[in-house]
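Reader: Before I rely on a model of this kind, I would like to learn how its features are read. Could you take me through them one at a time?

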Amino acid sequence: MSSSPDVSLRNVTKRFGDVTAVEDVSFDVERGKFLTLLGPSGCGKTTTLRCIAGFETPTEGDVYIRDQRVNTLQPFERDTSMVFQSYALFPHMTVGENVAFGLQMQGIPGERAADGGSRTEGEGRGGALASLKRLVRREGSEEVDARVARTLDLVELPGMQDRDVDELSGGQQQRVALARALVTEPTVLLLDEPLGALDLKLRKNMQVELKDLQTELGITFVYVTHDQEEALTMSDEIAVMNEGHLEQLGDATAIYEEPATEFVADFIGETNLVHGEYQRDEDGAVIVANGLTYRVRPNEGANEGGEEAFAVRPEKIRLGDEARGLDNEFGAEVVDEIYKGNLGKFVVELENGHRLTVDMQIRDQGQYLSVGREVTVGWSADNAVTLTE
């Protein structure tokens, strides 16, 4: 018997006044999986994450952590931790104090009762920070110290407990924020573009490290990003969002190779889109556009005789002798090119004026194509994915 998912959203809608940020979103995240919410700015991915975390309450629908409906629970009452894009570290605490803070907060109710109540009148921000520092230092224990040390080892910051956070690099601060979230051993770790402030090389390294860490710990991750490569690199599943809607949910291969909608095909990676009239025949299906007939993969949801689109990735298109005899074979002219050393990126124009982008591996001297050259282009019908929306 399979276990229940760690996270479930059921028809979640979130409105801010007249603006609908998330509309009727449903999905499950199985235990131990890495789900990425992917989409452009303003698509609703961060609002969805905040509904899971408890920083926003759904206008409609339900959020479940394991089997518990958590709509009305505060963030600290949910078995989740969150890593923010800004890291949100306490600047006047050491690394160890920052990491230990979550553990200390778990014991605050009893401490507050023992201390006799609330903050004194006039205690400002500085006083509050001082109180937090005293709390962490006063209530330190061997168990807390041991868990902090183990977690810092896990994120490759061994022996850094006494360092001030403002002495750390951006990458090290990101690791401290991650350690602070992990030390409480949450059921679900929520991450809101945590690598956004890092430089490109460090970001790529951290992508691999985060995925390795998630696999090692077996904790469910729900991750927000607008970076397609990041999502494809790390995720077990990707939820592509657009204008508050969930466009497609699937693994990286399905999202890239089998896009369900025109938006997904266009947003994930680079693609060529062709619109035309969809028709079925004895050999499968075709799309007729501007005088040319393109053989495509059949789609049961397509409207025969209606306008549909197909997508073909630049790397799926062949040039020259490799194009001959394929399901789609056309004459074309090279009208633009970008030389990338081992790769050539070409724009070719078909006889009907439609332009396609083609990626070609440059394996031999003299293989590169110059602008103005006449070429044969072609691709398999299996690589021409018919889109229904």
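This is a predicted model: local features need pLDDT of at least 70, side-chain atom pairs count only at pLDDT 80 or more; totals for chains, interfaces and linings use all residues.

Reader: How many helices and strands does the protein have?

Author: Helices (H or I, at least four residues) and strands (E, at least two) are DSSP runs, numbered from the N terminus. In this protein they come to 10 helices and 20 strands. As for burial, a residue is buried under 20% relative accessible area, exposed over 50% and partly exposed in between, with a 1.4 Å probe and protein chains only; of the 389 residues, 47% count as buried.

Reader: In what order do the strands of the 6-stranded open sheet lie?

Author: Two strands pair if DSSP finds at least two bridges between them. Here the order is β6-β7-β8-β3-β9-β10, and the pairing is mixed. The edge strands, each of which pairs on one side only, are β6 and β10 (245-250). Neighbouring strands of this sheet are turned by 15° against each other on average, direction ignored, where axes are lines fitted to C-alpha atoms, for helices over the stretch in contact, and angles run from 0 to 180 degrees between N-to-C directions.

Reader: Which residues stand opposite each other in the parallel pairs of this sheet?

Author: Strands β6 and β7 (residues 188-192) pair in the parallel sense over 4 bridges, and S81 stands opposite L189 in β7. Likewise, β3 (residues 34-38) and β9 (residues 237-242) run parallel and are joined by 4 bridges, with E237 in β9 as the bridge partner of L35.

Reader: Which way do the side chains of β6 point, and are they buried or exposed?

Author: In a regular strand the side chains alternate between the two faces of the sheet. In β6 (residues 80-83), T80 and M82 point one way and S81 and V83 the other way, and all of them are buried.

Reader: Which strands does helix α7 lie across?

Author: Contact means heavy atoms within 4.5 Å. Helix α7 lies across β3, β7 and β8 (220-225), and runs at about 155° to β8. M206 is found in this helix, which spans residues 200-217, and M206 counts as buried because its relative accessibility is 3%. Leaving aside neighbours within four places in sequence, M206 is in contact with Q174, R175, L195 and L198; the C-alpha atoms of M206 and R175, 31 residues apart along the chain, are separated by 9.3 Å.

Reader: What is the strand order in the 5-stranded open sheet?

Author: This sheet has the order β13-β12-β11-β14-β20, with antiparallel pairing. Its edge strands are β13 (292-296) and β20 (385-387), each pairing on one side only, and its neighbouring strands are turned by 45° against each other on average, direction ignored. Within the sheet, β11 (residues 272-281) and β12 (residues 284-289) pair in the antiparallel sense over 5 bridges, and R280 stands opposite A285 in β12.

Reader: How many residues of helix α1 are buried?

Author: Helix α1 (residues 45-53) is mostly covered, with 7 of its 9 residues buried; these are K45, T47, T48, L49, C51, I52 and A53. After α1 comes G54, whose phi is positive, near 100°.

Reader: How many salt bridges are there, and which side chain of opposite charge is nearest to the buried R147?

Author: A salt bridge is a side-chain nitrogen of Lys or Arg within 4 Å of a carboxyl oxygen of Asp or Glu, and the structure holds 22 of them. One of these joins R69 and D62 (2.6 Å, N to O), and R69 is partly exposed because its relative accessible area is 43%. D6, R31 and R66 are linked in a network of salt bridges. For charge, Lys and Arg count as positive and Asp and Glu as negative, while His and the chain ends are not counted. R147, in helix α5 (residues 142-154), is buried yet has no salt bridge, and the nearest side chain of opposite charge, E185, is 4.1 Å away.

Key:
Residues are numbered from 1 along each chain as its sequence is written. Side-chain values use heavy atoms; hydrogens and water are left out.
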